[in-house]
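Here is a quick tour for anyone meeting this protein for the first time. Have a look at the sequence and the model, then read on.

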Amino acid sequence: MATVEATETANEDRPQTLTAFDRCDSCGAQAYMRVTMASGGELLFCAHHGNKNRDKINAPGTVWYDESYRLSGGQG
Ligand SMILES: [Zn+2]
């Protein structure tokens with residue numbers, strides 16, 4: 001399992017920041033976590049489902065982009 005903060009990645013021309021248009025794949029709430037699989041696929045999760053699935057999705061090469069800190073009012 002690897003977790004990255006907002007490290008710079010030039011592979012994509014879109015910003016990494018998650019927006020209100022990004023929706024949790026499990027429940028449709030606003031997504032605060034993006035999971036990039038080693039295969040190149042992506043999953044989006046709200047904070048709740050991100051934490052719930054974090055133990056399941058821990059394959060080597062999986063990258064978690066976590067913006068759930070934005071929910072806690074700036075802490076961390
Ligand atoms: Zn969810």
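Two residues are in contact if their C-beta atoms, placed from the backbone, lie within 7 Å.

## The overall picture

What you're looking at is a predicted model. The protein chain has four strands and one helix, and from the N terminus on they come in the order β-β-β-α-β.

Of the 76 residues in the protein chain, 14% are buried. If you take the contacts with a separation of 6 or more, 36% of them join residues 24 or more positions apart.

## The nonpolar core

Which residues make up the largest nonpolar core? There are nine: Ala31, Tyr32, Met33, Val35, Leu44, Phe45, Cys46, Ala47 and Tyr65.

Setting aside neighbours within four places in sequence, Phe45 is in contact with Cys24, Asp25, Ser26, Ala31, Met33, Val35, Gly50 and Asn53.

## A closer look at Cys46

Cys46 sits in the loop between E3 and helix H1 (47-53). Is it buried or exposed? Cys46 counts as buried because 22 other C-beta atoms lie within 10 Å, and the cut-off for buried is 20 or more.

Again leaving out neighbours within four places in sequence, the contacts of Cys46 are Cys24, Cys27, Ala29, Gln30, Ala31 and Tyr32. Asp22 is 24 residues away from Cys46 in sequence, and their C-alpha atoms are 9.2 Å apart in space.

Methods:
Residues are numbered from 1 along each chain as its sequence is written. This is a predicted model: local features need pLDDT of at least 70, side-chain atom pairs count only at pLDDT 80 or more; totals for chains, interfaces and linings use all residues. Helices (H or I, at least four residues) and strands (E, at least two) are DSSP runs, numbered from the N terminus. A residue is buried if 20 or more other C-beta atoms lie within 10 Å of its own, exposed if 12 or fewer, and partly exposed in between; C-beta atoms are placed from the backbone. A nonpolar core is a set of buried Ala, Val, Leu, Ile, Met, Phe, Trp, Tyr and Cys residues joined through C-beta atoms within 7 Å.
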